[in-house]
Amino acid sequence: MTTHDLTRHFPVDQDHLERLHARLERDAQAGDLLDIAYRTVDSAVGPLLLAATPRGMLRVAFANEDHDSVLQNLAQRISPRVLEAPARLDSIARQLDEYFTGRRHNFDVALDWSLSHGFRRTVLEQLNADIGYGATVSYATLARLSGSPKAVRAVGTACATNPIPIFVPCHRVIRSDGTAGAYRGGTAAKRVLLDLERVR
């Protein structure tokens, strides 16, 4: 029997499904069974998948990434207890909205660094701490700030694999010649973010 056959014989009531999901979300929260909450939000760079643990923001995925694959990867690497729970990310979504409308220049969001290790994490922490809104830094300068001046390629890899873009602002890292360079969300998204912060 196909899904179509099942739907024809057993009609789905969308309101009923939403009530069941809300109950599942409440029970998972109450039983401390929810390790990764996620939701999607619309933004100036397209739909974003946001995923967080109780420790903080874990993953941001752009529209050019397969959100289902991202969630599967999180289930394998962090915990299989993953659930769409938008309310848990309301504050984060609100801050993102304020950022994209120019009303916020800094995020007040705890970060979960579980997906970043070694030198990559060092680079991202340095970037997060030292490169503020409206500023840019070259890959070479970020390598020097991170304690390894010759590790320019490794800095590029750290930025390309940054699991928490926008919050950890790898869009502010540009090439030494002043061009934007590559970005996990695509070069158009990087330009939107730089323009939003009025970086020319």
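## Phe 167 and its contacts

Setting aside neighbours within four places in sequence, Phe 167 is in contact (heavy atoms within 4.5 Å) with Met 57, Val 60, Ile 92, Leu 96, Phe 107, Val 109, Leu 111 and Asn 128. This is a predicted model, in which local features need pLDDT of at least 70 and side-chain atom pairs count only at pLDDT 80 or more, while totals for chains, interfaces and linings use all residues. Residues are numbered from 1 along each chain as its sequence is written, and side-chain values use heavy atoms, with hydrogens and water left out.

## The nonpolar cores

A nonpolar core is a set of buried Ala, Val, Leu, Ile, Met, Phe, Trp, Tyr and Cys residues joined through side-chain atoms within 4.5 Å. Buried means under 20% relative accessible area, exposed over 50%, and partly exposed in between (1.4 Å probe, protein chains only).

The largest nonpolar core has 43 residues, and Phe 167 is among those with the most contacts inside it, as are Leu 48 and Met 57. Elements that give two or more residues to this core include β2 (48–53), α4 (90–100) and α5 (118–130); helices (H or I, at least four residues) and strands (E, at least two) are DSSP runs, numbered from the N terminus. The most is given by α4, with five residues.

## Helix α5

The buried residues of α5 are Val 123, Leu 124 and Leu 127. Seen down the axis of α5, they fall within an arc of 95 degrees (taken from the directions from the helix axis to the C-beta atoms), so they line one face of the helix. These buried residues pack against α6, α7 and β6 (173–174). The face turned away from the buried side of α5 carries the exposed residues Gly 118 and Ala 129.
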